[in-house]
Amino acid sequence: MKTLKVRNITFGEGIPKICVPLTCGNEKELPPEIERALQEEPDVLEFRADLFCNVFTRICEDGVRCAASERIGELMRRVREQIGETVLLFTWRTAPEGGSSPEEDQCYPEILSAALTGGAVDLIDIELRHPERKRIREEARRRGVPVILSEHDFHRTPGEEEILRSLKEMEINGADIAKIAVMPSSVQDVRRLAHAAKEAFSYAHIPIIAIAMGEYGKETRIRAEEIGSCLTFGSVGGESAPGQIPVRELHKLLLAFHKEFV
């Protein structure tokens with residue numbers, strides 16, 4: 001499997017990296033939220049743009065909601081100034097995949113395009129099933145921003161073959177990292193996701209992220225190294241997905257498991 005280096009972080013090597021989502025949803029609370037997150041020394045900060053929909057969209061002259069592109073670029077520059085060399089992942093999660101703002105999803109391509117300008121963003125999440133995926137991915141390539149192609153199912157855990165097909169499809173379609181997150185309703189669901197992730201890890205040419213959400217899925221966040229997952233998500237305050245573990249605790253758990261695993 002190939003690794004991916006972004007700034008000073010190498011994905012797919014050593015202990016899985018920790019990402020902290022920024023979820024406050026407004027500009028006033030963002031700097032203190034970033035400061036709290038940085039105190040926990042995460043490897044990656046994820047800017048969950050869909051939670052900032054009132055900042056990033058506006059009503060245009062024709063009455064249609066559109067992207068406030070200049071605000072996106074300005075805010076990303078301010079975030080970069082505050083976080084220094086910490087890796088910044090930009091994500092707009094659409095409503096069908098668990099996002100918070102269905103009425104603004106029509107702005108998805110324009111918002112991601114705006115985020116790619118200015119050089120502040122290090123990684124961008126693009127949903128595998130979005131019809132504009134290819135265009136956004138090509139723009140990211142032109143700007144030198146690595147792409148996480150992702151798929152999220154908040155309702156079920158697909159069969160193992162379906163999980164493997166999705167991860168393979170991500171690699172075929174130019175992902176630098178392939179991400180899948182599912183919702184288990186049993187221990188068996190978690191085992192199925194873990195087994196599929198291990199198999200994908202054995203032959204994939206890119207790093208993968210595999211997460212089972214909720215209480216059942218916490219094991220996949222802690223044992224990420226065992227199943228071949230290069231990144232796991234931890235919380236500082238609010239969660240962006242069910243089952244996230246506080247970062248301070250997650251650091252200790254990942255290190256303890258690494259010592260046992262190697």
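Predicted model: local features only at pLDDT ≥ 70, side-chain atom pairs only at ≥ 80, totals over all residues.

1. The chain contains ten helices and 13 strands. Its radius of gyration is 17 Å, close to the 18 Å given by the globule rule for 262 residues, so the chain is as compact as a globular protein of that length.

2. Extent and surface. Taken along the principal axes, the box filled by the C-alpha atoms is roughly 55 × 35 × 35 Å. The accessible surface of the chain amounts to about 11,400 Å². Carbon and sulfur atoms account for 48% of that surface.

3. Burial and contact range. Of the 262 residues, 57% count as buried. Among contacts between residues at least 6 apart in sequence, 67% join residues at least 24 apart.

4. Geometry of α4 and α5. Two packed helices are described by the angle between their axes and by the distance between those axes. For helix α4 (residues 108-116) and helix α5 (residues 133-142), the angle is about 5° and the axes are 10 Å apart. Angles under 35 degrees count as roughly parallel, and α4 and α5 are therefore roughly parallel to each other.

5. Residues between α4 and α5. Which residues of α4 meet α5? From α4 they are Tyr108, Pro109, Glu110, Leu112, Ser113 and Leu116. Their partners in α5 are Arg135, Ile136, Glu139 and Ala140. By class, this contact has six nonpolar, one polar and three charged residues.

6. Arg7. Most residues other than glycine have a negative phi. Arg7 is not a glycine, yet its phi is positive, at about 55°. Arg7 sits in the loop between β1 (4-6) and β2 (9-11). With a relative accessible area of 29%, Arg7 is partly exposed.

7. Glu41. A positive phi also occurs at Glu41, where the value is near 55° in a residue other than glycine. Where does Glu41 lie? Glu41 is in the loop between α1 (30-39) and β4 (44-48). Is Glu41 buried or exposed? The relative accessible area of Glu41 is 62%, and the cut-off for exposed is over 50%, so Glu41 counts as exposed.

Terms used: Residues numbered from 1 in each chain as written. Heavy atoms only, no water. Axes fitted to C-alpha atoms, helices over the stretch in contact; angles between N-to-C directions. Helix = DSSP H or I, 4+ residues; strand = E, 2+ residues; numbered from the N terminus. Parallel < 35°, antiparallel > 145°, perpendicular 65-115°, else oblique. Contact = heavy atoms within 4.5 Å. Nonpolar A, V, L, I, M, F, W, Y, C, P; charged D, E, K, R; others polar. Rg over C-alpha atoms; globule rule 2.2 N^0.38 Å. Buried < 20%, exposed > 50% of the residue type's maximum accessible area, 1.4 Å probe, protein only. Areas by Shrake-Rupley, 256 points an atom, 1.4 Å probe, with all protein chains shown as cover.
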